Amino acid sequence: MMQNINAGKRLKQLAIASAVALSLAACQTVDSSSQQTQAPAFAFQQASVTELQTAMQQGQLTAEQLVAYYLQQIEQHNTQGAELRAVISLSENALSDARRLDAERAQGELRGPLHGIPVLLKDNIDTADGLANTAGSVLLANNFPADDAFLVNELREEGAIILGKANLSEWANFRSTRSSSGWSGMGGQAVNPYDRSRSTCGSSAGSASAVAADFTALSVGTETDGSLVCPAAINGIVTIKPTLGLISRDGIIPIAHSQDTAGPMARTVTGATLMLQAMAEHDANDNAGYRDDTDFAQHLKTDGLKGKRIGVVRNLMGYNELLDEQFDQQLEVLRAQGAEVVDVTMPTYGEYGGDEFTVLLYEFKYDMEKYLATTELPYQTMDDLIDANNAAADQELIYFGQELFQMAAAKSEDDKDDYLKALENSKRLAGEEGIDAMLKEHELDLLIAPTTSPSWKIDRVNGDNYSGSASSPAAVAGYPHITVPMGYIQIGEEPALPVGLSFFSTAKAEPVLIEAAFAYEQATKHRKAPQLD
């Protein structure tokens, strides 16, 4: 069954297993001139998916050793050491799954490019392996789903190992108007591995922090508006927020079906792309789902910027001088790689925020109640959750309240016409008259902007200190968005803070964005791992 990450006994057992496995890796020897000499140990630290697969194919590494390494990292730095609090729970099946996949590899059976690669899931995604799906709330501590989410089944079919569940901003950051991103009643306060006094952003806080800190090779996050791209940028990693419907929404605790999507989080564009491929299977039961037979990995091109016409969305900037300076330096990289860069302005930016909020509140109420109906939990309505939070106030309401829950609960069928009008307005203003209008008017392939500000200090009194972001246009429209590390911002002796470059475009433009993002990443290779010791 699921074990809470604070339960030290199980983690100590897993750490022992990791030590045994790692010692086996270190003791491999080869014969040279009749003498036994120690083979070089595989460099686990911050290894990419392709490096891990190559090592496993060459017999330098097993999936069991890799799982053991990540379990050791989590034991050392999740609630001890750096105290990142990126992980809520661990799967008791991870090591046995790894051994099974190693046996398949030994027989020449490879499921795909994720065979034997560990993955952490944001703790709002259903699994049927004894891991609770909590949304970070103690109210859902006993929510043990009967089935895997569709995307989890796809990952398993591709040979990925479910390592456990990542911490998140509770209820995907849709409970309070002044929440602290990365905090949950189940997992505590997730922190930024580059500066542990600063925010991870949210809501896929632990998913991003865990990848950055080398707790896992890959993770899955979810986004309604910014919950993939903001934590990825602030934690110095890559994410792909796909077109709405490319990845099934089945088995994910919702906010709003018109914007919700899962997405891959990785240290490289390649890792994120391979994971996107694994999850992008058509779910006929998802009414937004569509079939896309694109081989996304074929778009990992080092010359992917050549000939592209790119729009710099200038009115998605201007909220941080240092961020803008770092961003403007990247434009020379894009030009050097063969792209044409032009300045543009989004004509409808800021006009759809009120409509978006109306949509989120209305859909949250009815989508949440639909999810609760699939569980055996003692809650059926938003009012039930509000009452339960009040009853567990000493665990759930110690830092901030549940104003968004209350606003959503107040919605009714009488608000449906207003909701439908807001939905149509927001999609049109962000999509057709926003992103699409810029692309068409300037004959562009894609758009770019700084993803979001550098990380801010954690502040439970005032909540998050967002100063600006490029997330909303693509999030509201349901269009794809990739963020890639674009360097660091540092002042004096303060730690260097990662920032991200956003690539976004119209619906189903993932191939174009992957080409541009990969070529930029390969030309710059900005990412540096955080120091946890």
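Predicted model: local features only at pLDDT ≥ 70, side-chain atom pairs only at ≥ 80, totals over all residues.
Colleague: In which loop does Ala135 lie, and what is its phi?
Modeller: Ala135 belongs to the loop that runs between strand 5 (118–122) and helix 5 (150–157). Although Ala135 is not a glycine, its phi is positive, with a value of about 55°.

Colleague: Is Arg85 buried, partly exposed or exposed, given where it sits in the chain?
Modeller: Arg85 is found in the loop between helix 3 (63–77) and strand 4 (87–90), and, without being a glycine, Arg85 has a positive phi of about 50°. Buried means under 20% relative accessible area and exposed means over 50%. Because Arg85 has a relative accessibility of 23%, it counts as partly exposed.

Colleague: Which residue is joined to Ser203 by a cis peptide bond?
Modeller: Ser203 has its place in the loop between strand 8 (188–189) and helix 7 (205–212). The peptide bond in question has an omega of about 10°, and the residue it joins to Ser203 in cis is Gly202.

Colleague: Is Ser203 buried or exposed, and which residues is it in contact with once neighbours within four places in sequence are left aside?
Modeller: The relative accessibility of Ser203 is 0%, and therefore Ser203 counts as buried. With those sequence neighbours left aside, the residues in contact with Ser203 are Lys122, Leu168, Ser169, Ala172, Asn173, Thr222 and Ser227.

Key:
Residues numbered from 1 in each chain as written. Heavy atoms only, no water. Helix = DSSP H or I, 4+ residues; strand = E, 2+ residues; numbered from the N terminus. Buried < 20%, exposed > 50% of the residue type's maximum accessible area, 1.4 Å probe, protein only. Contact = heavy atoms within 4.5 Å.
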